[in-house]
Amino acid sequence: MNFLSKVEYKGEDNIGEKVVEALYSNKIVHFTGFDFHCDILEFYTKLSDNFPTILNAGENIEDGNATGSRWISIQYDPNYPMKYRTSKTRHPLHTDNSYVPIANNITFFFCKAFPPYGGATIFLDSATLIELLEMDNKQALLDGLKTIPVCFSKTDRNKTMPIITEDTKGLILNYNYACLDKSNTKEAVDLVEEFQDFLDNRVVMGGIATPMPLAPGEAVFFHDERLLHGRNAFFTPTPAGRDFLKGVALFDQ
Ligand SMILES: [Fe+2]
């Protein structure tokens with residue numbers, strides 16, 4: 001699977017099929033060309049209907065419980081500065097569905113507004129992660145990531161598995177430091193602390209992750225568990241300055 005490709009919309013009726021097709025051979029698809037000729041929510045709802053199964057991504061901002069709504073807003077809100085989806089801070093590298101017992105999931109979001117400074121989504125390929133760990137002689141850490149089960153949870157949802165596993169299509173990652181369950185063993189907690197330090201201070205500080213700023217109207221679709229993603233901190237003069245809507249689908253492969 002390639003890391004990244006671009007699909008440019010040129011008015012085709014079958015553009016949703018093209019996006020799904022591109023995701024068979026690419027971990028990330030950067031979607032460009034939407035020009036607000038129609039309502040953006042309607043456009044991306046119809047486009048994403050091409051996935052075999054759409055999951056409801058909505059979560060209540062107050063308590064994190066699933067709301068049953070298809071889209072979740074990722075927008076700066078000064079009333080909730082401590083939550084990543086509403087803060088202006090950087091968001092560390094993670095997978096979205098670390099605490100949701102699903103597999104083969106695609107995360108996608110479209111951009112209604114993008115801040116003047118910062119705010120790019122950042123991506124790190126799973127293969128690159130392994131290469132970086134090996135280059136830093138972190139073999140013991142890598143072994144732990146492949147063997148020690150770690151539980152990530154949020155409200156009543158949780159998932160327990162090693163952070164790095166593999167299937168016939170390649171490496172699978174399951175990781176979100178912010179959702180580390182309190183019941184984990186000391187061995188698992190120590191592993192996560194060391195891994196998070198590596199991600200923050202070696203990978204992100206090294207500028208290794210690929211930044212993807214989105215223009216208003218653009219979108220990105222990616223295989224959540226085949227890479228790590230995060231976000232750069234940003235500056236915006238108004239709360240609406242970075243405004244994304246995110247959805248989740250299962251990929252039939
Ligand atoms: Fe995320």
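This is a predicted model: local features need pLDDT of at least 70, side-chain atom pairs count only at pLDDT 80 or more; totals for chains, interfaces and linings use all residues.
Asn137 sits in the loop between H3 and helix H4 (139–147). Its phi is positive, about 55°, although Asn137 is not a glycine.

Phe36 shows a positive phi as well, of about 60°, and is not a glycine either. Phe36 lies in the loop that links strand E2 (26–32) to H2. The C-beta count for Phe36 is 10 within 10 Å, so this residue is exposed.

The protein chain contains five helices and 17 strands. Its radius of gyration is 18 Å, close to the 18 Å that the globule rule gives for 253 residues; the chain is therefore as compact as a globular protein of that length. The C-alpha trace spans about 55 × 40 × 35 Å along its principal axes. Of the 253 residues, 34% are buried.

Four strands form an open sheet in the order E5-E15-E8-E13. The pairing is antiparallel. Strand E5 (91–94) and strand E13 (210–212) are at the edges. Each has a single partner strand, so one side of each is left without a neighbour in the sheet. On average, neighbouring strands of this sheet are turned by 20° against each other, direction ignored. In general, strands of a sheet pair through backbone hydrogen bonds, either parallel or antiparallel.

Strand E8 (residues 121–125) pairs with E13 in the antiparallel sense, over three bridges. Phe123 stands opposite Thr210 in E13.

A helix pair was examined next. H1 and helix H2 (residues 40–48) pack with their axes 8 Å apart. The angle between them is about 55°. Angles from 65 to 115 degrees count as roughly perpendicular, and those under 35 as roughly parallel; H1 and H2 are therefore oblique to each other. The crossing of H1 past H2 is right-handed. On the H1 side, the contact is made by Ile15, Gly16 and Val19. On the H2 side, Lys46, Leu47 and Ser48 take part.

Gly16 belongs to helix H1 (residues 15–22). Neighbours within four places in sequence aside, Gly16 is in contact with Lys46, Leu47, Ser48, Asp49 and Asn50. There are 17 C-beta neighbours inside 10 Å of Gly16, so the residue counts as partly exposed. Gly16 and Asp190 are 174 residues apart in sequence. In space, the C-alpha atoms of Gly16 and Asp190 are 43 Å apart.

Definitions and conventions
Residues are numbered from 1 along each chain as its sequence is written. Helices (H or I, at least four residues) and strands (E, at least two) are DSSP runs, numbered from the N terminus. A residue is buried if 20 or more other C-beta atoms lie within 10 Å of its own, exposed if 12 or fewer, and partly exposed in between; C-beta atoms are placed from the backbone. Two residues are in contact if their C-beta atoms, placed from the backbone, lie within 7 Å. The radius of gyration is taken over C-alpha atoms; the globule rule is 2.2 Å times the number of residues to the power 0.38. Two strands pair if DSSP finds at least two bridges between them. Axes are lines fitted to C-alpha atoms, for helices over the stretch in contact, and angles run from 0 to 180 degrees between N-to-C directions. Angles under 35 degrees count as roughly parallel, over 145 as roughly antiparallel, 65 to 115 as roughly perpendicular and the rest as oblique. A crossing is left-handed if the near helix is turned anticlockwise from the far one by less than a right angle, and right-handed if clockwise.
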